[in-house]
Amino acid sequence: MKLPYQAIVLLSLSFVFISPNCVNLIQEHEVIKLNILQKNDSKFSNFLGVNAFEWDFLDNSNRNIDNKKLKNMKSFGGFRHYMDWERIETKKGQYYFNPTQSGSFNYDAVYEACSKNNISILACLKTIPTWMIETYPKTERDNENVAAPYGLNRSDPASYIDQAKAGFQFTARYGSNKNIDTSLIFFDRHQLNTINNKPIVGLGYVQYIECNNEVDRTWKGPKAHQSPEEYAANLSAFYDGDKGRLGKGVGIKTADPTMQVVMSGLGMSGPEYVIGMIEWCRKHRGVKADGSVNLCFDVINYHFYNNNASFGKDNATTGSAPELSPAAKQAEDFVAMSKKYANNIPVWITESGYDINSGSIQRAPQIGDKTALITQADWMLRSSLLYARHGLKASFYYMLDDAASNQPGRFATSGFIDGYHKRPVTDYFLQTKDLIGKYHYEQTINRNPIVDVYALSNKKMYIVFIPEDKNSKATYELSLPGSRSAKINYLVAGSDKMLTENVTVKSGKLKINVTETPVFVEKLN
């Protein structure tokens, strides 16, 4: 049979090949300081998340799961649900989930399918509904305006009570708390003989909820931008009804103390934005008995697209291999900030990715005989490996479908699928999830090429690749002391399964042909 190009040079390990063009790796880019990298207890499937919508699961009726779509979604470890507030509260004070009043979507079916297939859910409650938009002057109406009616004090948590009530209703239904006062739960008593004629609580499908998206959006002006202090006030209401001061039926923790509240992914801001939020919490929420700040979020969250922009600037002209971009520095800065100021709570990245259109300034280019689709696949998977290596706890990518196929605009062609057809990046995610989804990052033992070690109980997996963008090839001698045999796993575009080869280990050493596509080596005995 005709094999994909990335398998051809890797099928045999019986020879040694060193390219004359083998590069001096990462000397000027992601210089991995092996002594500072820490073991990461987050399983690797947490780094294989995708941004998507409810219709990416449902058939044309919006009521039932489309099994072809679900098969594609099984490639991912996490689903960040772009959930417009309008869907669940089209009319103020009336909350519908199955079906939603806007679009008649069956959220129960979507979340149940995720739960049954081990796809963790991050529900991102974003934008504002029409009835709130209409409180703004006609010249300032936008569904991404701040989540409070026009004219209210944005520094007062009470201004965000409507959003916090919607969060309570969502969490009561999809969280894990079955012991909720059902008098607080909205259901339409006039719709007899339907699923809505009784309150439903504690379905247990969702563990994470995010309070809005990119609230630091300066590009839409003051009507849509929140300062760190304003967003902290917003979060305080959303988190626990401003420590219960806003009354019953308000806030996520009021409905389910175990639900984890994720702060909005930051679109342009760095760790200093979160420090401003923390200082607001110190002043207005106080400190706990252990002296730590009483925060109103459980997870820190930011967005970052790996490209050739100068650090801290938005002057990109092309996408960049993750190791050659500021991605590692940005991750380390957020993790260090959390450790110093935020009780060391988890840090996630919930948007990242690459376009495939050659006109995009966020493109993954063709490199040698590698198409843009293969480069996208390499760089996305290597991004996940980088995030795990540098201390993040989860990553999600933008997004399942192209925003505008065949268009050169930034973020227009970042998708994982074309209709029902998977792109190579989706194949890579599925194959890696199946192989090491339950493993966690343990250490990096070599930086040229990168050799990451992942562990699951007493099992070890070595992930080896060249962190460059030149279609580089080389050999690497992997030390496997005490082992007589190993299994090599190769990523294959166009397949649900990796290509595997059992090999003999001689004197505890294994010579591996490596490229810029990760290869996975497992000790057998």
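**Close-up 1. Asn 177 sits in the loop between helix H6 and strand E4 (208-211).** This is a predicted model, so treat each view here as a look at a prediction. Is Asn 177 buried or exposed? With a relative accessible area of 18%, Asn 177 counts as buried, because buried means under 20%. Its side chain reaches the backbone oxygen of Ala 255 at 2.8 Å. A polar atom of that side chain also lies 2.9 Å from the backbone nitrogen of Asn 179. Skip the neighbours within four places in sequence, and Asn 177 is in contact with Ala 172, Val 201, Gly 202, Ala 255 and Asp 256.

**Close-up 2. Helix H4 (residues 107-116) is tucked into the rest of the structure.** Why call H4 largely enclosed? Seven of its ten residues are buried, so the rest of the structure largely encloses it. Those buried residues are Tyr 107, Asp 108, Ala 109, Val 110, Tyr 111, Ala 113 and Cys 114. What covers them includes helices H2 (67-73), H3 (85-88) and H6 (161-174), along with strands E2 (78-84) and E3 (120-126). Now check the ends of H4. Asn 106 caps the N-terminal end, with a side-chain oxygen 3.1 Å from the backbone nitrogen of Asp 108. Just after the helix, Asn 118 takes a positive phi of about 55°.

**Close-up 3. Tyr 111 belongs to the largest nonpolar core, which has 117 residues.** In soluble globular proteins, nonpolar side chains tend to be buried together. Tyr 111 is among the residues with the most contacts inside this core, as are Phe 79, Phe 297, Ile 300, Phe 416 and Tyr 454. Leaving out neighbours within four places in sequence, the contacts of Tyr 111 include Phe 79, His 81, Met 83, Phe 170 and Tyr 205. Another core, of 19 residues, lies apart from the largest one, and Val 453, Ala 474, Val 505 and Leu 510 are among its members.

**Close-up 4. Six strands make an open sheet with antiparallel pairing.** Read across it and the order is E11-E12-E13-E18-E15-E16. The edge strands, E11 (440-447) and E16 (499-504), each pair on one side only. From one strand to the next, the twist averages 25°. Helix H11 (residues 372-389) packs on this sheet and touches E11, E12 (450-456), E13 (459-465) and E18. The direction of H11 makes about 70° with that of E12.

**Close-up 5. Strands E15 (residues 485-490) and E18 (residues 519-523) run antiparallel.** How many bridges join E15 to E18? There are five. Look for Tyr 490: its bridge partner in E18 is Val 519.

Terms used
Residues numbered from 1 in each chain as written. Predicted model: local features only at pLDDT ≥ 70, side-chain atom pairs only at ≥ 80, totals over all residues. Heavy atoms only, no water. Pairing = 2+ DSSP bridges. Helix = DSSP H or I, 4+ residues; strand = E, 2+ residues; numbered from the N terminus. Axes fitted to C-alpha atoms, helices over the stretch in contact; angles between N-to-C directions. Contact = heavy atoms within 4.5 Å. Core = buried A, V, L, I, M, F, W, Y, C linked by side-chain atoms within 4.5 Å. Buried < 20%, exposed > 50% of the residue type's maximum accessible area, 1.4 Å probe, protein only. Polar contact = N/O pair within 3.5 Å; in protein donor to acceptor, adjacent residues only side chain to side chain.
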